[in-house]
Amino acid sequence: MQVNSDKHFLQKLSSALSVFCFVCAVLCGLVLAIYHDELTKVYVASFAASAFFFCSVGMVLNVIAWTNLPKIKVENPED
């Protein structure tokens with residue numbers, strides 16, 4: 001099987017969404033770091049869980065975006 005070097009639209013979309021998720025994770029971490037003393041335990045736990053979630057999703061989407069997928073198209077030998 002040949003490896004497809006050009007990325008599919010969904011891989012490009014997952015790359016953009018992974019950047020967005022990493023930015024959201026950093027923003028949640030900054031809010032947590034800046035307002036930690038002023039927030040209740042529920043909000044601290046929520047922002048920590050959100051930062052972890054966005055970071056994890058960003059990593060998974062980044063792996064999907066950079067994976068080299070094989071060409072699945074079957075070539076007709078009669079052509």
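Start by selecting Gln11, which sits in helix H1. (A helix here is a DSSP run of H or I with at least four residues, and a strand is a run of E with at least two, both numbered from the N terminus.) A quick word on what you're looking at: this is a predicted model, where local features need pLDDT of at least 70 and side-chain atom pairs count only at pLDDT 80 or more, while totals for chains, interfaces and linings use all residues. Residues are numbered from 1 along each chain as its sequence is written, and side-chain values use heavy atoms, with hydrogens and water left out.

Is Gln11 buried or exposed? With a relative accessible area of 8%, Gln11 counts as buried (buried is under 20%, exposed is over 50%, and partly exposed is in between, using a 1.4 Å probe and protein chains only).

Now show what surrounds it. Leaving aside neighbours within four places in sequence, Gln11 is in contact with Ile64, Ala65, Thr67 and Leu69, where contact means heavy atoms within 4.5 Å. Zoom in on Ile64: the side chain of Gln11 reaches its backbone oxygen at 3.2 Å.

Next, select all of H1, residues 9-34. Its buried residues are Gln11, Ser14, Ser18, Cys21, Cys24, Ala25, Cys28 and Leu32. What covers them? The cover includes H2. Try the distance tool on the ends of H1: the end C-alpha atoms are 38 Å apart, which agrees with the 38 Å that 26 residues should span at 1.5 Å a residue (the expected span is 1.5 Å times one less than the number of residues).

Move on to helix H2, residues 41-66. Its 26 residues should span 38 Å too, and its end C-alpha atoms are 38 Å apart, so that agrees. Colour Val44, Ala51, Gly58, Leu61 and Ala65, the buried residues of H2. Part of what covers them is H1.

Finally, zoom out to the whole chain. You'll find two helices and zero strands. The radius of gyration is 19 Å, well over the 12 Å that the globule rule gives for 79 residues, so the chain is more spread out than a compact globule. Buried residues make up 16% of the 79 in the chain.

Conventions:
A polar contact is a pair of N or O atoms within 3.5 Å; within protein, one must be able to donate a hydrogen and the other to accept it, and residues adjacent in sequence count only if both atoms are side-chain atoms. The radius of gyration is taken over C-alpha atoms; the globule rule is 2.2 Å times the number of residues to the power 0.38.
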